[in-house]
Amino acid sequence: MRRLLLGSILPALFIVFWEISSRTGVLTLESLSRPSDILRAGIVGLADGSILVATGQTFETALLGLTLAAFAGIIAGAVLGLSPVLERVVDPTIEALRPIPAVAFIPLALMMFGFGVSMEATIVAYACVWPILIVTISAVKAIEPRLLEVADVLEMTFVERLRKIILPAAFARINVSLRVAAGIALVVAVTVEIVLNPRGLGYSLILAQQSLRVDVMYAQLLWLCVIGYALNVVLLNIGPAPIAVWRAGR
Amino acid sequence: MQVRAGRTVTGATIDAAIPAVSMHQVGLSFGDSSPERRLVLADITLDVREGEFLCIVGPSGSGKTTLLRILAGLIQPTAGEVRFRGQAVSGPSRERAIIFQDYSKALLPWRNVTANIALSLEAQSIRPADQQPIIAALLAKMGLERAASQYPGQLSGGMQQRVQIARCLAQHPKILLMDEPFGALDAMTRQALQDEILLLSTEQHMTVIFITHDLEEAIYLGDRVVVLGDTPARIIETIDVDLPRPRDQLTTREDPRFLAHRHRLFSLLRRH
């Protein structure tokens, strides 16, 4: 609590200085709104639902893309982690595709899917799949070989092995990669919306900027900061709980 | 198949003329180019009777564990053949349970004791409702009732090894392959588990192949002790242990025959 109080001194002073200097006419920059105006714009946006609708749209695509990436990355990662030969075959391709910035696929994705959820989710998935895939491969490789032998002797099927041995054993590291990917998903979704997809928070941001509603733009930036923080809290604290229950077997 | 001198073991009629395990000139070498240099096992020919308790001793690094892994089907031999109840062994099977020395690595750390044992039952597609009585019986048999909801990391080495044995029994094996299972345990725990495994093998008439580097353990437990020599491992001696059963930690170990076997084994291994 004391820490929180100490930590908020600087931002509070900054906001007060900002408000006073813009009211007294010291600051007259077009790109700077006043904290009081930003707060008002934020409240209006939340009250009329426009911010929440945009948030819903961004989250929808980010989550869809993340889910696609998680399924593809975890399953492919498990298979490649278990088969050194296959990994050697696929690895150069992975390393060739991975460095391409996901947003560079915007023109191509637009041609393939047009505007909307599919195009955006595909780009998000492309950006998110790499950290998940690479971490899963290394996590599966690091699984205690004894456990795989136990699965062999018990004559488990591949799906059983995946569900009961491989994924639970690799869970902790895969979980970290999902958190990293969730951050990437939000960044990429907003970027695609700013660049050209007419939906979500990114589009609201660029719209506010183009209509010179600097206060609205700032309000949305602050909102992004809040939901990014909230997303991390959720992934850290709530996300692992149901998975831990599943992992315990019964 | 014509059944001669049939004897009922675990509900099935077994032909006593067919050994439980039959190894014929089993060999293993690593690498293709110069096989002699990396020959691990050579010319292992050995039959194990149904219900027999066979101990294998040998110097460390002699390939005992490798031989056991071949019997489990986890490794394929590069020469010879292994048969289990007349059938060629081509891979791992629930019929042949293997109990690893490093129990802490062979248990699922994220599952408690009950769920670790249940893994074997799940693999056999036994319904959860039917799993309960089986698990309860195994917990009681291995003295694990009070640890049922604990996780492997919370248990002592001896208890963890009990969990692994219980899980292996839950897979309903026809044979137990034990790889120095008590090597890492303290003397008291080791003796307690030796007696439990003896009781278990007698009660269920279970065939057991038991690897150890402890000569006294081998004599105490075994009907026969097979001695493997060094690099590449081959059988250098087979000793019939003529000690009466049930065995007793005090009187059996003081029996002059026990000491004679110990003497014999010790001098054999010293030479190698």
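## The interface between chain B and chain A

In this predicted model, chain B and chain A together bury about 2100 Å². Carbon and sulfur atoms account for 60% of that buried area. On the chain B side, the residues that lose the most area to chain A are B:Arg94, B:Lys105 and B:Trp110. Together these three make up 29% of what the chain B side buries.

Counted by residues, the contact involves 29 residues of chain B and 19 residues of chain A.

## Salt bridges and polar contacts across the interface

Three salt bridges are found across the interface of chain B and chain A. B:Glu122 forms a salt bridge with A:Lys164. In this pair, the closest N and O atoms are 3.1 Å apart, and a salt bridge requires such atoms to lie within 4 Å, so the pair qualifies.

Several elements of chain B each supply at least two residues of the side that touches chain A: strand S8 (96-99), helix H2 (103-106), helix H3 (113-123) and helix H4 (128-141). Of the chain B elements, H3(B) gives the most to this side, with seven residues.

## A nonpolar patch on chain A

Chain A carries a nonpolar surface patch of about 610 Å². The residues that make the patch are A:Phe71, A:Ile75, A:Val79, A:Leu82, A:Leu86, A:Phe158 and A:Val159. Two helices of chain A, H4 (50-82) and H9 (158-195), each supply at least two of the patch residues. H4(A) gives the most, with four residues.

A:Val159 is one of the patch residues and lies in helix H9 of chain A. The relative accessibility of A:Val159 is 54%. Exposed means over 50%, so A:Val159 counts as exposed.

## A buried glutamate in chain B

B:Glu50 sits in a loop of chain B, between strand S4 (39-48) and strand S5 (53-57). The relative accessible area of B:Glu50 is 9%. Buried means under 20%, so B:Glu50 is classed as buried.

The side chain of B:Glu50 is joined to the side chain of B:Arg85 by a polar contact of 2.9 Å.

How values were computed:
Residues are numbered from 1 along each chain as its sequence is written. Chains are lettered from A and ligands numbered from 1 in the order in which they are written. This is a predicted model: local features need pLDDT of at least 70, side-chain atom pairs count only at pLDDT 80 or more; totals for chains, interfaces and linings use all residues. Side-chain values use heavy atoms; hydrogens and water are left out. Patches are made of residues with over 30% relative accessible area and no salt bridge: like charges are joined within 9 Å, nonpolar side chains (Val, Leu, Ile, Met, Phe, Trp, Tyr) within 5 Å. Accessible areas come from the Shrake-Rupley method with a 1.4 Å probe; for residues, only the protein chains shown count as cover. A salt bridge is a side-chain nitrogen of Lys or Arg within 4 Å of a carboxyl oxygen of Asp or Glu. Buried means under 20% relative accessible area, exposed over 50%, partly exposed in between (1.4 Å probe, protein chains only). Contact means heavy atoms within 4.5 Å. Buried area is the accessible area (1.4 Å probe) that two parts lose on being put together, summed over both. A polar contact is a pair of N or O atoms within 3.5 Å; within protein, one must be able to donate a hydrogen and the other to accept it, and residues adjacent in sequence count only if both atoms are side-chain atoms.
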